[in-house]
Amino acid sequence: MTYHNPKGRMGRRLIALTLGGTVAGFATLAAAQSEPEQRDEFFWLSQINKASVVINSQEGLLDPALAPEIAGALTQVIADGDQPDAERPGTVISFEPLWIEKGGIDVTLVHAGRSSQDMHATYRAAMLRDKLLDLASQLDATSTTLVDLAETHAETVVPNYTNGVAAQPNSYGHYLLGHAAGLARDAERIREAYARIDRSAMGTTVLNGTSWPLNRQRMADYLGFAALVDNAYDASQISSMDQPVEVAGIVTSVSLHVGNFVEDVMTQYAQTRPWILLEEGGDNTYVSSAMPQKRNPGILNNARSDASQAIALAMGPVIQTHNITPGMSDPKSVEDNAAMVDAGISALGRLDRVLKALRINPERALEELNSDWTASQELADLLMREHGLPFREGHHFASEVVTYARANNLGPLDFPYAEAQRIYAETVAETDHAKELPLTEEVFRATLDPVAIIRNRATAGGPQPAEMTRMITEARADLTERQDWVKARRDHIATALSTLDADFGALLTE
């Protein structure tokens, strides 16, 4: 059986398939089209049409005698679209004329019980789930870099900040694991959204189904969907508008996490003597055209800009879905929604590069801690924990120590113990507590040691070595599960499409 197109457009390759009882001809064609799949609208319309031919011919909705010729014509359309710089129509009404041109009007028999509404809703969901898997992959890669860096700096003690002011000492690794936890929640959001998007709308037609007894489950299976959109009205009128809005929320969350981290680094980088720097070279830093001392943080600026761009694009589906009737096309643009997710991927990729470019100076970080009083809360905690002094009294004592120290340009390492004794006596003078500071000078100074503070933390989830080991181990296990999840989803889709190809190829030989 030979298929040809005497009226084919110039530049289109004529395809001759001589099929003799095997799928060899189809396999040869597939081998000739072995370039990476371009899973765009044209691709998914092709898969939907292939599945429709197979299912309908097997279930009595299409005359089986017509199926091979209709399938052969579809094969030619697909082959033409796979040529370099070829036209790849992305709508039902632009795809079908090419199919008719190859196989005649009988090809429209495949359109039983179908509409551009459910077909477009289906390929939008298929393409959005692919994008979510791309986003998940980059999120996992960036999170892995974050956890690796956290393990490297598990015992690196640095200042942490609240309200933009130095607050307490912390392990830099613990700080990084905090950011990794935020990204882990984004990974959860992706998996949850994926489950809602991974549902086939095919067979719902416009909004209330069809009189044709379509096998919706087989169609979903061939296209790699885990489930069906149950309600026919919901399929193209409601859920297809929800999907980009939900993904926009994930992109927003991811981008906010990127921006928060970058801004925290920027605050340090702007200091005269920062404890956190960027490896110079490439586009990590660049010199000023006028001021030779400057090393502008190009990669930080670009990461912040990427995150802002992603958030700006993520606002699009929300605004477009606002105040429109169900089913309208405003938020459904495949191109716009892909660009939104790609922007989130770009922001995460840039964050990954930032993390790999960071250079921490532990000595400078410890110097900053010891030049300020970020360990002062420990005085109040110790006085309450071991000597029964109410926290507010201990807090007042520590606060007065800091006030005196700053007025006299004193740091924790050189604060006179005698002044601490005097301040304590004045603080508790009108209470029933003993007026003598219950801390020896050695204990007083050890209590203000940032490194000791971190080592002696006892709270679950704190920066002490045992908890850091536990959290890093659990973070790595979570990353493995996340990576396995992405692989499983991709493998499921690939297997489904491979099965469809085999069944469609077998149909060509009949």
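## Salt bridges

Asp478 is partly exposed, with a relative accessible area of 25% (partly exposed lies between buried, under 20% relative accessible area, and exposed, over 50%, with a 1.4 Å probe and protein chains only). The model is predicted, so local features need pLDDT of at least 70 and side-chain atom pairs count only at pLDDT 80 or more, while totals for chains, interfaces and linings use all residues. Residues are numbered from 1 along each chain as its sequence is written, and side-chain values use heavy atoms, with hydrogens and water left out.

Asp478 forms a salt bridge with Arg482, the closest N and O atoms being 3.1 Å apart (a salt bridge is a side-chain nitrogen of Lys or Arg within 4 Å of a carboxyl oxygen of Asp or Glu). The two residues are 4 apart in helix α18 (residues 465-508), which means a separation of about one helical turn (helices are DSSP runs of H or I, at least four residues, and strands are runs of E, at least two, numbered from the N terminus). Arg482 counts as buried, at 4% relative accessibility.

The structure holds 30 salt bridges. One of them pairs Asp198 with Arg129, with the closest N and O atoms 2.7 Å apart. Asp198 lies in the loop between α6 (172-197) and β3 and Arg129 in helix α5 (residues 116-152), so the pair ties together parts 69 residues apart in sequence. Both Asp198 and Arg129 are buried.

Glu246 forms a salt bridge with Arg196, the closest N and O atoms being 2.5 Å apart. This pair links distant parts of the chain, with Glu246 in helix α9 (residues 239-269) and Arg196 in helix α6, 50 residues apart. Glu246 is partly exposed at 25% relative accessible area, and Arg196 is partly exposed at 42%.

## Helices α2 and α3

Helix α2 (residues 41-58) and helix α3 (residues 67-81) pack at an angle of about 170 degrees, with their axes 11 Å apart (axes are lines fitted to C-alpha atoms, for helices over the stretch in contact, and angles run from 0 to 180 degrees between N-to-C directions). The two helices are therefore roughly antiparallel (angles over 145 degrees).

## Met202

Met202 is in the loop between β3 (199-200) and α7 (216-222). Met202 is buried, with a relative accessible area of 3%. Not counting residues up to four places away in sequence, Met202 touches Ile48, Arg114, Asp118, Met119, Thr122, Arg216, Met219 and Leu223 (contact means heavy atoms within 4.5 Å).

Terms used:
Angles under 35 degrees count as roughly parallel, over 145 as roughly antiparallel, 65 to 115 as roughly perpendicular and the rest as oblique.
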